[in-house]
Amino acid sequence: MQRLFLTFVFLAFSGLLFSQADSVKSVDQANLFPQRSMKAVRITVAPKIDGVLADSCWTLSEVASDFIQRELRPDEPSEQKEEVRLIYDDEAIYISAQMYDVSPDSVLRELSTRDNEANADLFGVFFDTYNDDINAYGFFVTSAGTQIDARYSIDGQDFDWNAVWISQVKINEQGWAIEMKIPYSALRFSKKEVQTWGFNIIRKIRRTREMSFWNRLNPVIGGLVRQFGDLTGLQNIKPPVRLSFSPYVAGILNHYPYKIPGVNDLTYTASGGMDVKYGLSDAFTLDMTLVPDFSQVQSDNQVLNLSPFEVQFQERRPFFTEGTELFNRGGLFYSRRVGGTAIGYYDAYYQLNTDEKIIKNPTQTQLLNATKLSGRTAGKLGIGVFNAVSNQMFATVQDTMTGNTRKILTSPFTNYNIVVLDQAMKNNSSIYLVNTNVTREGHYYDANVTGSGLRLNNRKNTYTVGASGVVSNRFFPDSLKPYTGYAANLDFGKSGGNFTWAFYGAVKSDRYNPNDLGILFLSNNMETGLELNYNIYKPFWKLNNIFNNIYFSYQRMFNPNAFWNFGIYGNTRTTFKKNFFTCGVNYGFEPVITYDYYEPRIPNHYYTFPINYNYGGFISTDYRKKFALDISSNYRYFIENDRRNINFWVSPRYRMNNKLSFIFEFSDNLRYDDIGFVNYNGTDITFGKRNMNTVSNTLSSVYKFTNKMSLSFRLRHYWSSADYKGYYTLGNDGYLSHDSLYANDHNVNFNAFNIDMVFFWQFAPGSELNLVWKSSLLKREGVVDVDYYNNFKSSLNSPQNNMISLKVLYYLDYLKIKKAFS
């Protein structure tokens with residue numbers, strides 16, 4: 001097996017000797033594709049947005065056509081014809097497009113929820129309104145009429161950003177047609193009388209997997225926005241007053257069978273609030289959410305965590321996913337901290353008196369308000385300010401003898417703040433400064449983190465160098481000096497072409513801790529690494545493309561200055577021409593003993609983690625078919641007794657029709673003779689040898705009534721167990737010795753069960769109704785039941801928390817209100 005993997009890797013990297021010449025050739029090909037330009041035409045009578053393309057005003061426009069493929073055959077002409085027109089007036093930009101297709105009845109048209117392509121063709125436009133090669137807006141529509149929009153920046157793409165705009169799609173005898181109206185209120189742009197915007201157009205043909213652009217996009221060079229064409233002819237357009245209100249009302253009915261005298265099983269709450277967006281200028285926008293309600297977001301995937309590191313959960317709250325790219329500079333912002341777990345959540349259990357028990361202890365703090373101010377000046381200086389305030393939280397404690405209750409403060413009033421300055425420079429280069437601050441009322445500590453970074457690219461974006469530095473401080477009431485730590489990073493490499501590489505070095509001091517508003521898993525660490533990539537983007541032999549990666553990592557502890565780990569890791573993936581079958585392999589080797597300073601949980605102690613080898617792979621069939629299948633597996637072998645990890649994941653998906661689809665996911669993670677920390681009694685550190693089994697089943701389905709109305713269902717059951725076979729004392733040399741006198745039992749049997757069912761209806765542009773049912777259970781026991789079906793049955797029969805929530809949000813645009821009353 002090891003020889004097979006090494007052979008595969010050798011073949012994948014066999015073209016490296018020729019890669020420098022290939023990359024230079026690819027860059028020089030840009031001369032064959034001059035930058036394109038399109039002139040916008042002003043109109044006096046706006047077209048009707050119905051997808052018919054019959055309005056005479058469209059004949060005034062220039063025609064954009066002759067698209068160039070990026071996938072699957074880069075630099076070749078699109079296999080289908082297209083004609084795109086663009087006009088404008090004092091209110092909006094209008095786009096019409098005829099996507100010609102030799103087989104109109106073969107155009108894939110699966111309905112989907114907003115911001116999801118699904119199994120359908122796609123058309124879209126990009127606007128770089130300041131023509132700065134940095135930021136852009138994208139507006140897309142599928143052949144089924146689903147809207148998708150996004151914002152683009154140096155840091156990537158944000159599909160959680162949602163604007164209010166209008167589109168219609170019609171299937172016709174020549175293919176499919178699109179009409180769009182994009183109001184200026186959805187964009188930021190300058191007040192110049194004559195403007196030139198960066199501009200590009202995209203088309204995706206799903207059944208052939210073709211992706212084409214109007215202005216050529218080179219796959220071997222990074223930077224989407226800097227490869228746009230130009231949109232000229234925009235004259236005397238004025239940024240409108242960008243002011244909108246989205247008031248909401250919500251009601252929540254919650255039931256949990258407490259079976260405690262004096263505690264109601266059924267509770268009802270009603271709330272209201274508002275989201276506000278206000279354009280302070282042509283470039284800066286203020287976003288506010290007042291008394292937000294996030295009860296309707298999808299439930300987190302809870303897991304059994306026996307590691308020394310916290311679990312990172314995905315952000316699903318709209319306010320924190322939309323338009324936050326500027327605040328993510330430096331990687332110091334983990335938005336789940338805001339309104340997250342109360343700082344004293346676990347402390348409440350240590351403040352109980354005799355005969356007391358906790359009957360309520362909210363896991364999440366209540367957010368009172370949050371504000372974002374962001375934009376970029378004419379000098380390309382990005383400015384971002386974020387501020388949020390969370391309320392006090394209390395645990396409710398009951399005396400089991402008298403029935404009396406009292407409250408324990410678990411979280412004080414807390415203010416979260418971020419300030420970001422990001423200066424963009426030529427060639428997608430930038431320099432930034434970011435500061436995060438958490439201030440808590442009362443005797444709790446405060447925290448402040450300041451970081452700065454620099455990224456420099458050459459003119460062709462083929463070479464890059466970056467550096468950053470961060471200082472963290474925690475201020476405790478009983479100390480005159482802050483608890484200070486720092487981190488720094490340096491990297492340089494080749495970022496363009498078929499062959500790319502990067503060399504990096506990083507250090508994090510033992511006192512560095514940004515976790516009050518950020519997230520960090522490994523502190524007290526120094527790392528040096530080398531990463532190599534070789535990718536082929538054009539079809540060859542039987543393959544459409546191939547992507548190869550390998551990296552080498554050498555790590556030491558910061559304090560003490562001691563070796564920790566060395567590893568070699570890599571992966572290769574490819575898609576075959578026939579049936580678009582995708583597969584890949586991954587591997588990892590840690591050929592020397594690792595000195596793990598994290599698992600013991602006590603400073604200056606380490607565990608000798610054994611030499612190990614890791615192999616895995618995956619396959620993915622063609623998603624265009626009604627039935628598709630994804631499978632992945634992984635095997636990790638340790639040079640220690642019978643220790644090994646086996647992971648298996650399979651996910652079949654079935655599309656009944658263009659409205660109804662199902663996805664099922666099954667995973668099984670087996671760990672034999674796993675070793676981990678269990679206890680520290682002040683003198684001895686105790687580890688345990690355990691067999692762990694984790695099984696997860698998730699069923700998801702969605703029925704789309706229209707592209708603005710859907711019903712989704714998601715059920716997840718997760719079971720994880722740890723069955724201990726023996727306990728050991730960790731010695732000063734990092735090795736374990738059997739402890740036959742250790743009497744505690746640390747067996748764990750953990751079940752998590754969730755149902756999320758959501759009815760969504762966008763009844764007007766920007767306005768929506770959500771009706772949600774959630775059912776949840778978390779159950780942790782000390783007796784392991786190795787039968788999965790018994791655990792599943794037990795979860796169904798155990799008391800669960802059920803919540804029904806109704807929320808109605810209505811979008812109000814100031815300009816429309818003003819026009820209605822004028």
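At the start of H5, which side-chain oxygen reaches to within 3.0 Å of the backbone nitrogen of Leu 815? It is a side-chain oxygen of Asp 813. The legends below concern a predicted model, in which local features need pLDDT of at least 70, side-chain atom pairs count only at pLDDT 80 or more, and totals for chains, interfaces and linings use all residues. Residues are numbered from 1 along each chain as its sequence is written, and side-chain values use heavy atoms, with hydrogens and water left out.

**Figure 1. Confidence along the chain.** The average pLDDT (the predictor's confidence in each residue, from 0 to 100) is 91, and 96% of the residues score at least 70. Residues 1-28 have a pLDDT below 50, and this stretch has 42 contacts (heavy atoms within 4.5 Å) in the model beyond near neighbours in sequence. Where pLDDT is low, the predicted coordinates should not be read in detail.

Figure 2. Helix H5 spans residues 814-821; helices (H or I, at least four residues) and strands (E, at least two) are DSSP runs, numbered from the N terminus. The helix is hardly covered, as the count of buried residues among its eight residues is zero. Buried means under 20% relative accessible area, exposed over 50%, and partly exposed in between (1.4 Å probe, protein chains only).

**Figure 3. Surroundings of Thr 285.** Thr 285 belongs to strand E17 (residues 284-290) and is buried, because its relative accessible area is 7%. Its side chain makes a polar contact of 2.6 Å with the side chain of Arg 242. A polar contact is a pair of N or O atoms within 3.5 Å; within protein, one must be able to donate a hydrogen and the other to accept it, and residues adjacent in sequence count only if both atoms are side-chain atoms. Not counting residues up to four places away in sequence, Thr 285 also touches other residues, including Arg 188, Tyr 278 and Lys 372.

**Figure 4. Surroundings of Arg 643.** Arg 643 sits in the loop between strand E36 (627-638) and strand E37 (644-655). With 2% relative accessibility, Arg 643 counts as buried. The side chains of Arg 643 and Tyr 607 are joined by a polar contact of 3.0 Å. Leaving aside neighbours within four places in sequence, the residues in contact with Arg 643 include Phe 609, Tyr 672 and Asp 674. Lys 689 is 46 residues from Arg 643 in sequence, and the C-alpha to C-alpha separation is 9.8 Å.

**Figure 5. Loops with cis peptide bonds.** Glu 71 and Leu 72 are joined by a cis peptide bond with omega about 5°; Leu 72 lies in the loop between strand E3 (68-71) and strand E4 (82-88). Another cis peptide bond, with omega about 0°, joins Asn 559 and Pro 560. Pro 560 is placed in the loop between strand E30 (543-557) and strand E31 (563-576).

**Figure 6. Loop residues with positive phi.** Trp 541, a residue other than glycine, has a positive phi near 50°. This residue lies in the loop between strand E29 (525-536) and E30 and, at 65% relative accessibility, counts as exposed. Asn 579, which is not a glycine, has a positive phi of about 65°. Asn 579 is in the loop between E31 and strand E32 (582-590) and counts as partly exposed at 46% relative accessibility.
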